[in-house]
Amino acid sequence: VPLVESGGGAVQAGDSLRLSCVYSEHTFTGRATAWFRQAPEKERQCVATITWGGTPAYYADSVKGRFTISRDNAKNTVYLQMNSLEPEDTGVYYCAAPGSPTVHAYILANRRLVANWGQGTLVTVSS
């Protein structure tokens, strides 16, 4: 499995969680990475993207100032630090990568450019 997420769980509003996505080094070297989420009965939407070099490129307006995307390529891992969680953050969080290193992180928020998805990790935030 090329992308494996972990770190989800059930928390209270105001709590924090850190999601991790371990990627296959052979497959994803040089590629941008993104976190998407899908709330119940809603479309999958991008939360944040990051360049291969570790520069965050996009945050959804709803998470700006609360979520931070980062990566450690030595560990083949991308992280999503989520602080001040709200019930509206509830959903399945997916790690995502494009099919080519030429797809820049600034446009990876478009899910049509995603070629690889993880299996997802569930985050439930209660009020």
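**View 1. Both C21 and C95 are buried.** Buried here means under 20% relative accessible area, with exposed being over 50% and partly exposed in between (1.4 Å probe, protein chains only). Keep in mind that this is a predicted model: local features need pLDDT of at least 70, side-chain atom pairs count only at pLDDT 80 or more, and totals for chains, interfaces and linings use all residues. Residues are numbered from 1 along each chain as its sequence is written, and side-chain values use heavy atoms, leaving out hydrogens and water.

**View 2. C21 and C95 are joined by a disulfide.** Their sulfur atoms sit 2.1 Å apart; the cut-off for a disulfide is a pair of cysteine sulfur atoms within 2.5 Å. The S-S bond has an angle of -80° about it, making this link left-handed. It ties together distant parts of the chain, 74 residues apart: C21 belongs to strand β3 (residues 17–23) and C95 to strand β9 (residues 91–98). Strands are DSSP runs of E, at least two residues, numbered from the N terminus.

**View 3. C46 is in no disulfide.** The nearest cysteine sulfur, that of C95, is 11 Å away. C46 is also buried, with a relative accessible area of 9%.

**View 4. Here is the largest nonpolar core, with 25 residues.** Such a core is a set of buried Ala, Val, Leu, Ile, Met, Phe, Trp, Tyr and Cys residues joined through side-chain atoms within 4.5 Å. Among the residues touching the most other members are W35, F67 and I69. Strand β3 gives the most to this core, with 4 residues.
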